[in-house]
Amino acid sequence: MIDKNIKKQFKIFQQKVYGKPLRYLDNAATTQMPNDVLNEIFEYETKYRANVKRGNHYLSEKSTEIYENARKTVADFIGTNIPDELIFTSGATDSLNLIARAWGDKNISEGDIILVSEIEHHSNFIPWFELAKRKNAKLEIIKVDNDCNFLLNDLDIDFSKLKLVAFTHVSNVLGVVNNVKNIVKSIKKKCEPFDVTPRFVLDGAQSVSHFGVNVKSLGVDFLAFSGHKMCAPFGIGGLYINRDIFDEIGEYKYGGGMIDSVFLDKCKYNSKVTNRLEAGTPNVSGAVGLAAACKFLNNIGLDNIFDHEKELASIMMNKLRKINETIIYGPVDVKHKSGLITFNIGGIPPHDLATILDTEGVAIRSGHHCVMPWHMEQDLKTTARASLYLYNDEEDIDALISGIQKAKKIFKVN
Ligand SMILES: Cc1ncc(COP(=O)(O)O)c(C=O)c1O
C-alpha cells in the first residue's frame, strides 16, 4: 500500500492551477520529484560540488566517491551488481544513440538486419533507421496485433543476417508490458539454425520506474532509461551494457576523460567502458538525484507502486469506457498494461480535449506521443493519453472524467 498522503512529499502538488488542485496525469512524459531527491541534490551541490575523476583535492575525491556510489545504487536498482555495467547518460534517447554509435558503427555492416517493432518511440526507431542508412543495412519491422502482441511468426526475414533487435519494455502509447524473456527466447530460437546470436536492446523508459526490472533475468544486452521519468532530474539517465560484450563497444563522444593517451598524431582511448563512454564532465548532481530517486522508489517498494498503478488504471479504464464515444487504443484488460491509457473521445480533437482539461487543472498529453509510425498505421493523427504514477489517486481520475464531460458539453457530443 502507498501512503495516502504521499502527495505531501512532492512540493509541486501544493500549488493550484487556475485555482484548481493540480491533477497530474502526464507521468509517461515526465514524473515529479519528491522532496527527498531535491534535498539530496541540494546537499551535494552545497557541500561536495567539484569535478570528478580529475582532481586530487578533498572535494574532487569526495565528489568522485559520491558519483561512483550513485552508479552502484542505480546499477543495483536495475538488477546488476556490476557497477561498471551502468553508464550515466543524459537519458533514454542519449543511451539509444550511444548504442547506435558505439556498438552499431563497429558491428553493423552492409546487408545486416536490424529489427524493431512498429510501436517504438522515435528515440528507439530513428537511431536504428539512421544506422541502417549509414551502413547500407536493412531495417525490418515487427508488426503487432490488436492486443499489441509482437507477430514474430509473421516475420519474413533472413535470420542469418539478424544483428540487432530493439524494442520497448512498455509501450508509451499502448501501455502494454511486453514479455521480454519470451520475445528474446523466440527470436534467438529463429536464429539458432544459422548459429547467429543477435544483440538485444530494451527501451526501459516506461518500465524501470514502474515495476522491478532485473536486466540479468531479462537476458538483454542493453537497457536504456531516463531519470526524469522516475522522480529524478532532467538530463540524467542510464544505459546498462552486459559486460560480456564490452569488447564489442567502440566510442561515442570524444573528449576529456575518455582517453588513455593523446599525441598530436594518435589517440588511445580508455579501456574501461564507463570512462570511455562518459566523455567530458558528467552530470554529477543528476547522478546523485537519480540514485536518490532509486532509494526513494525502493523505500516505497516497486511492487506497491505497480499494484497502485494497476488498481487506478482499472478504475480509470472502467470510468472511461462508460463514457459514450470513447475509443480506447490497445487492450482494455489492464492485466498486461502499465498505468497509461491512450484514448479518443469521438467528436473532440485530442488537443482541444487536453486544453479544456487543463482549465480544470488536469494535465494529460495529446499528440502522437513520439510514435508517429503507429498512428499512421492506424490512420490516426493524434490521440489523448492519461498516465498514472505512484502519487495519483481516485480524485485525479474523477477530475479527468468530469473534465471530459465538460468537453463533451462544449463540443455538443452525447
Ligand atoms: C518508450 C520511450 N522511449 C524513449 C523515450 C525517450 O526518453 P527521453 O526523452 O527521456 O530521452 C520515451 C519518452 O517519452 C519513451 O516513452
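**Exercises on helix packing and the sheet**

Helix 2 and helix 8 cross in a left-handed sense (left-handed: the near helix is turned anticlockwise from the far one by less than a right angle; right-handed: clockwise). The model is predicted: local features need pLDDT of at least 70, side-chain atom pairs count only at pLDDT 80 or more, and totals for chains, interfaces and linings use all residues. Residue numbers start from 1 along each chain as its sequence is written. Helices (H or I, at least four residues) and strands (E, at least two) are DSSP runs, numbered from the N terminus.

**Exercise 1.** Describe how helix 2 packs on helix 8.

*Solution.* Two packed helices are described by the angle between their axes and the distance between the axes.
Step 1: helix 2 (residues 58-77) and helix 8 (residues 284-300) have axes 9 Å apart, at an angle of about 40°. Axes are lines fitted to C-alpha atoms, for helices over the stretch in contact, and angles between N-to-C directions run from 0 to 180 degrees.
Step 2: helix 2 is therefore oblique to helix 8 (under 35 degrees is roughly parallel, over 145 roughly antiparallel, 65 to 115 roughly perpendicular, the rest oblique).
Step 3: the residues that meet include Ile66, Tyr67 and Ala70 in helix 2 and Ala287, Leu290 and Ala291 in helix 8; contact requires C-beta atoms, placed from the backbone, within 7 Å.
Step 4: this contact has 11 nonpolar, 2 polar and 1 charged residues (Ala, Val, Leu, Ile, Met, Phe, Trp, Tyr, Cys and Pro are nonpolar; Asp, Glu, Lys and Arg charged; the others, Gly among them, polar).

**Exercise 2.** Classify the packing of helix 3 with helix 4.

*Solution.* Step 1: the axes of helix 3 (residues 92-107) and helix 4 (residues 126-135) come within 9 Å and cross at roughly 25°.
Step 2: helix 3 is therefore roughly parallel to helix 4.
Step 3: the crossing of helix 3 and helix 4 is right-handed.
Step 4: Leu96, Asn97, Ala100 and Gly104 of helix 3 make the contact with Pro127, Trp128 and Leu131 of helix 4. By class, these are 5 nonpolar, 2 polar and no charged residues.

**Exercise 3.** Which strands stand at the edges of the sheet?

*Solution.* Step 1: the open sheet has 7 strands in the order 4-10-9-8-7-5-6, with mixed pairing; two strands pair if DSSP finds at least two bridges between them.
Step 2: strand 4 (86-89) and strand 6 (138-142) are at the edges, each with a single partner strand, so one side of each lacks a neighbour in the sheet.
Step 3: strand 5 (residues 113-117) pairs with strand 7 (residues 162-168) in the parallel sense over 4 bridges. Valine 116 has alanine 166 in strand 7 as its bridge partner.

Conventions
Two residues are in contact if their C-beta atoms, placed from the backbone, lie within 7 Å.
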